[in-house]
Amino acid sequence: HYLQEINVATELVDRHVSAGRGDNVAIRFEDDEITYADLQEQVNRLGNGLLEHGVEPGDRVVVRFTNRPEAIVACLAAQKIGAVALPSMKLLRAAELVHIINNAEASTVVVYDDLLEEIDLALPKTDSVENVIVVERNGVEHDHTDYDELTSAADDELEAYQTERDDIALMLYTSGTTGEPKGTVHTHRQLLATADSYARYCLNPTEDDVFGGNPPLPFAYGYGDLVTFPLRFGATTSLVENATPGDLLQAVEDHGISILCSIPTAYNQILEKYPDAPEEYDTSSLRMAVSAGEPLTHSTFNAFYDSYGVEIYDGIGTTEMLHIFVSHQEGQEIDPGATGYPVPGYECKVIDPDTGEELPRGEAGMLAVRGPTGITYWNRPEKQQSATVDGWSLPGDIYIHRDDGRLEYKSRKDDLIISSGYNIPGPEVEAVLQEREEVSEVAVVGVPDDERGQVVKAFIIVADGYEGSDELTESLQNHVKNTLAPYKYPRRVEYVKQLPRTETGKIQRVKLREREQ
Ligand code: 3SK
C-alpha cells in the first residue's frame, strides 16, 4: 500500500539521505563512487535546470544514454519534478526516434554528445521538442544546452513535485520482437511495487548488496535491476558500459557485485570464454545471478552453477508488466525446468486462448497474470483491448501450470510450431540443441512445408573450433530425437554466422520466419 502522494525519486534517493544513509555508495562506475548524497545533489541540480527550461509536470523527457550515471540522474530528475522519464535505446535510428518523440509528444531530450547525431537528424521531423540538453563526452560540437553549464549554475536544493501514486513516472517503448514501437506507461506506485514484490521476495536484498550486470537501462529489465531495486534498498548499483564477458567479470571483482543480472546469451558467452571461473577475476562476492529476456536452459543453469558456484534465478517479465512476475524466490529449491512460481503479489493462470477458461493443471495454454503492475499502452486502445481480459494481462506466452505450483515455459504464442498437427514449442528444441558443445547459439522456427503445413528449422551458430556439416546435422537431429518426442526434431538445419536480435538480446524469430516465406 502506498500513500496517495508519492514520488519515486524521493523514495529512491531522498529517503536514504534523510535516514542518515547519505554516505552509502549508490552508484559505482569505472573508478567513481557516487554516494546517495552526491546523487541527490546531481538530481536536484538537473531537476532545477529542467524547471528553468520550462519542463512541466507530465512532460515526457527522452533520456538517451548508455549505462552511465547521468542516465540515472536524468530519469530521477525528470521524475522528481513530476515529469515522465522516457529512456531510449542507444541503437535507435532517427526514424524510430521520430516515431517515439512524436508519439509521446516529448518536450525535452537529455542526451550524450556521441548519441546526438540521430537526435539531430530526427528533430526536423518532430515539433514537440523545446529543449535538448547535451552531456559532453567526446567534444562533439552542437548548439544545444550544455548539461554541465546548466547543472553547475542550478540550485542544489529541490523540493519534489507532489506526484500522485498513479501518475506516470516512466515510459518505455517496445517493439518486442515484432512490429512498430509501442509506448508502455508505468506509474510511481508501479515502479516501487516491482521492488517491493519481485526484488524483495525473490532477491531479498540488503544495503550491502551490489547489483550489477549488462542489461541496458532503457530495457525494463535493466531499469529495475540497475536503478529501482538497488536504490529502493539503499544498496549499490554497478554500471558497466558495453560489457564483454571479461568486462563483466572485471566489474564483479572491482565493484564487488553480489547480484549479477544478465540474459542467457551473456551467461553462455561467459561460459564459452571462461568455462571455469578464471583465476584472473575474483568472483567470490557473487551470491546469486538473475536471468530474463529469454528462457534460461537447464544446461546453462548447471554449467554456471558448476563453474561459478551460484544459482541463476530465471524469471519472466515484459516491458508492459515492467518487471518479473514469475520466478523462484531466494531460498526456494530451484527447478531449472520451470520458470518458478508467481511472484508474491501476482496471480497467474493458464487459459484456453479461444474460450478464456482456465485450463486444468498440466495443460499448455496462454499465461494470464494479474498483480500490482499490468499492461497499459500509451494511446493504443486496440492493442490494449487484445492484451488484457477482465483485469488480467496476457503477455503472449504459452505455459503449463504444474501440479507443484510452478509455471513451466513452453514458448511465445508466435513461436509455437504446428507440424502435421503436433504442437512443437521452438524453445524446447533450442534448449536440447544448446546442450551440445558444437552449438554456440540457436534459434528454432516453423517454416512452411507443403506436406506438413510447417516443419521445424534450426538456425545454428557453431561454437569456435567446429564447422557445420551433414554429419553434424545428422548427429544433432539424432540428439533431439533421442531426447524429445521424435516428431520435434529439426528436419531442416542451416548454419549461420549471426542471428537477428533486438537490442535487448532477444532473438527476432519473426525475421527468420519472414526469410523463409
Ligand atoms: O522483456 C523481458 O524479457 C523482461 C524480462 C524481465 C523484466 C523485464 C523485461 C522487459
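Let me start with glutamate 516 and lysine 457, whose side chains meet in a salt bridge, 3.2 Å from N to O. This is a predicted model, so please hear every value as computed. The pair links distant parts of the chain: glutamate 516 sits in the segment after helix 15 (509–515), lysine 457 in strand 26 (residues 453–462), and they are 59 residues apart. Lysine 457 has 8% relative accessibility, so it counts as buried.

In total there are 35 salt bridges. Two of them involve arginine 287.

Arginine 287 is in the loop between helix 10 (264–273) and strand 13 (288–291), and aspartate 209 is in the loop between helix 7 (188–203) and strand 10 (210–213), so the bridge ties together parts that are 78 residues apart in sequence. Aspartate 209 is buried, at 5% relative accessibility. Arginine 287 is partly exposed, with a relative accessible area of 30%.

The other partner is glutamate 330, with 3.0 Å between N and O. Glutamate 330 lies in the loop between strand 15 and strand 16, so here arginine 287 ties together parts 43 residues apart in sequence. Glutamate 330 is partly exposed at 34%.

There is also a network of salt bridges; it links Asp335, Arg402, Asp404, Arg406, Glu408, Lys410, Glu428 and Lys488.

Now the aromatics. The count is eight aromatic pairs. Phenylalanine 65 and tyrosine 112 have ring centres 4.6 Å apart and planes at 75°; edge-to-face needs over 60, so this pair qualifies. Phenylalanine 65 is in the loop between strand 3 (60–64) and helix 3 (69–80), while tyrosine 112 is in strand 5 (residues 108–112), 47 residues apart.

Phenylalanine 325 and tyrosine 346 make a tilted pair, 6.4 Å centre to centre with 40° between the planes. Phenylalanine 325 belongs to strand 15 (residues 324–327), and tyrosine 346 to the loop between strand 16 (341–342) and strand 17 (347–351), 21 residues apart. Both count as buried: phenylalanine 325 at 0% relative accessibility, tyrosine 346 at 6%.

One aromatic cluster is formed by Tyr267, Phe304 and Tyr308.

Last, the surface. A patch of negative charge gathers Glu30, Asp31, Asp32, Glu253, Asp254 and Asp282. Of these, aspartate 254 is found in helix 9 (residues 245–255) and is partly exposed, with a relative accessible area of 46%.

Technical notes
Residues are numbered from 1 along each chain as its sequence is written. This is a predicted model: local features need pLDDT of at least 70, side-chain atom pairs count only at pLDDT 80 or more; totals for chains, interfaces and linings use all residues. Side-chain values use heavy atoms; hydrogens and water are left out. Patches are made of residues with over 30% relative accessible area and no salt bridge: like charges are joined within 9 Å, nonpolar side chains (Val, Leu, Ile, Met, Phe, Trp, Tyr) within 5 Å. Accessible areas come from the Shrake-Rupley method with a 1.4 Å probe; for residues, only the protein chains shown count as cover. A salt bridge is a side-chain nitrogen of Lys or Arg within 4 Å of a carboxyl oxygen of Asp or Glu. Lys and Arg count as positive and Asp and Glu as negative; His and the chain ends are not counted. The place of a charge is taken as NZ of Lys, CZ of Arg, CG of Asp or CD of Glu. Helices (H or I, at least four residues) and strands (E, at least two) are DSSP runs, numbered from the N terminus. Buried means under 20% relative accessible area, exposed over 50%, partly exposed in between (1.4 Å probe, protein chains only). Rings of Phe, Tyr and Trp (its six-membered ring) pair if their centres lie within 6.5 Å; planes under 30 degrees apart count as stacked, over 60 as edge-to-face and the rest as tilted.
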